[in-house]
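These are my notebook entries on a two-chain model. I set down what I looked up, entry by entry.

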Amino acid sequence: MSELGIYGLIFGLFLAAYLPRVLPIFYFSKRQIPSWFHEWMKYVPISLFAALVAKDVFIKGTAFEWRWSHVLTVGIVFFIAYKSRSMVISVITGLIAIYLTTIFFG
Amino acid sequence: MSLMSKTDFRKVWNSVLPLFVSYLPLGLASGILLQSVHFNVLQTFLISVLVFSGGGQFLVVSLLATQSSVSTILMMVFFLELRYALLGATLSHYLKQESNRFLAIFSQSMNDENYAVNHLKFLTDSSWDAQKALWVNWLSMLAWVLANVTGTISAHFVKIDSSLVHFALTAMFVYMLVMHVKNKKRLVAALVSAILAVCFMITIKNTFGIVLATLVASYAGHSFEQWQHKRREVANPTVIVEEQV
C-alpha cells in the first residue's frame, strides 16, 4: 500500500472505529438498548475471531492448504489459552510451537 | 477543560495506573507490528489516536500483511468495534447531563479498558463524574500513543521475521476466541464461522469472505438462541422467567 493510501486507510478506520462509539452514546442516552441488538452482539466477536483463525490456519493466499505445522500449533495454543487464561503465555507458546513444528513438518 | 484539584487528579491517576502498565508492552508490540506493514511514525501516531484500539490495530496489521482489500479491512474493524456500541450504551446512563459536544469528545477516546475503569468507578464512587472519566480516557490514550510511537521507532533497530510476527497475531486471536467461549451456543457459532470463512475464502477468492462468515455465523447464533427461547417458552412458560432473573 502506498504512503498516501495508508493515510486514506487511517481516515476510513477512524470512521469505522468512531461511529460505533459515538452513535449509541447519543441514541441510548434517551432510549433503552433493544434486546435483539444486545443478543446479536454477543455472537459477533467470537465469530470474527473464529473466522480470522480459520483463515490464518487453512488458507494460503486464497486457496485451501492443510499445513500440519499450523494445525498442530493452533491446537496447542487453544489448549494453553484455555488452561492459562493468559494472552502473553498463549502468544509465546504459539511462537515456540510454530517454530518447532515448522522444523519438523516443513 | 476545567482544572482538577490535587485530590481529584490523584484519584484519576490511581485508577488509570493499571492501564498505563498494561498498555506499555501491548502498545510497543502494536507499534513494532505497524512498522512491519510500512507505517511511519506519523501514521502510527494517527492510528493510535484516531482508532485507539489494541484489537483494531492488530487486526489491521494482520489483514494488511495478507494483502486484504481496503473494504475488507474497514468492515472487519467496523464489526470488531461494534462492541463499543454496547459499552457506550451502558455508560450513557451516567452521562445524561452532559452536552452533545462532551459526548462526541468522550466517545472518541472510549475503549474496552478505560470503559471498565470508568464503569466500575461510576458504580462504586459517588464522587466520580464525567470530567474525571474523560481524564481517564485521555491519560490511557496518552500511554497507548507513547508506547505505539516508541514501538515504531524501535522497530527500525530490531530485525523481525514477518511470518513469525504474523503467527503471534494468530495466537492472539486464538486466545481471544477462547476467552469468548462461554457456552455451547457460542462454540457452535465459532465453528460455523470458521467453516464458512474457509468456504467463502476458497469460492470468492477474497478476504471479504471472512466478513461474510462473521456476519452469517453471528446472526445464525443469535437466531438459534431466539428459536431455542421460543421453543422452551412454548414447552414450559415458567422456565424462561427464572432464566431472565
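**Entry 1: confidence**

Helices (H or I, at least four residues) and strands (E, at least two) are DSSP runs, numbered from the N terminus. Residues 240–245 of chain B have a pLDDT below 50, and this stretch has three contacts in the model beyond near neighbours in sequence. I take two residues as in contact if their C-beta atoms, placed from the backbone, lie within 7 Å.

I note that this is a predicted model, in which local features need pLDDT of at least 70 and side-chain atom pairs count only at pLDDT 80 or more, while totals for chains, interfaces and linings use all residues. Residues are numbered from 1 along each chain as its sequence is written, and chains are lettered from A and ligands numbered from 1 in the order in which they are written.

For chain B as a whole I found an average pLDDT of 88, with 95% of the residues scoring at least 70. Chain A has a mean pLDDT of 90, and 100% of its residues reach 70 or more. Within chain A, confidence is lowest in helix H2 (residues 35–41), at a mean of 83, and highest in helix H4 (residues 68–84), at 96. For the complex, the predictor gives an ipTM of 0.89 and a pTM of 0.81.

**Entry 2: layout of the chains**

I counted twelve helices and zero strands in chain B. Its C-alpha atoms fill a box of roughly 60 × 50 × 30 Å, taken along the principal axes.

Chain B is divided into domain 1 (6–163) and domain 2 (181–245), with bounds that come from an automatic or database domain assignment. Over C-alpha atoms, 29 Å separate the centres of these two domains of chain B. Their contact takes nine residues from domain 1 and six residues from domain 2 of chain B. Which helix gives the largest share of the side of domain 1 of chain B that touches domain 2 of chain B? I found that helix H4 (residues 70–81) of chain B supplies five residues, the largest share of that side. That side of domain 1 divides into four nonpolar, five polar and no charged residues. In these classes Ala, Val, Leu, Ile, Met, Phe, Trp, Tyr, Cys and Pro count as nonpolar, Asp, Glu, Lys and Arg as charged, and the others, Gly among them, as polar.

Chain A is divided into domain 1 (1–40) and domain 2 (43–106). The C-alpha centres of these domains of chain A lie 29 Å apart.

**Entry 3: helix packing inside chain B**

I examined helix H2 (residues 41–50) and helix H8 (residues 130–154) of chain B, whose axes come within 9 Å and cross at roughly 155 degrees. That makes H2(B) roughly antiparallel to H8(B). Axes are lines fitted to C-alpha atoms, for helices over the stretch in contact, and angles run from 0 to 180 degrees between N-to-C directions. Angles under 35 degrees count as roughly parallel, over 145 as roughly antiparallel, 65 to 115 as roughly perpendicular and the rest as oblique. On the H2(B) side the contact includes B:Phe45 and B:Val49, and on the H8(B) side B:Trp144 and B:Val145 are among the residues. By class, this contact of H2(B) with H8(B) has eight nonpolar, four polar and no charged residues.

I then took helix H1 (residues 6–36) and helix H3 (residues 54–65) of chain B, which pack at an angle of about 25 degrees with their axes 10 Å apart. H1(B) and H3(B) are therefore roughly parallel to each other. B:Leu26, B:Ser30, B:Leu33 and B:Leu34 in H1(B) meet B:Gly54, B:Gln57, B:Phe58 and B:Val61 in H3(B). The contact of H1(B) with H3(B) divides into five nonpolar, three polar and no charged residues.

**Entry 4: contact between the chains**

How many residues does the contact take from chain A and from chain B? I recorded 54 residues from chain A and 68 residues from chain B. H1(A) gives the most to the side of chain A that touches chain B, with 16 residues. By class, that side of chain A has 43 nonpolar, seven polar and four charged residues.

The axes of H1(A) and H2(B) come within 9 Å and cross at roughly 10 degrees. H1(A) and H2(B) are therefore roughly parallel to each other. A:Ile6, A:Tyr7, A:Ile10, A:Leu13 and A:Phe14 in H1(A) meet B:Gln43, B:Leu46, B:Ile47 and B:Leu50 in H2(B). I classed the residues of this contact of H1(A) with H2(B) as eight nonpolar, one polar and no charged.

Conventions: pLDDT is the predictor's confidence in each residue, from 0 to 100.
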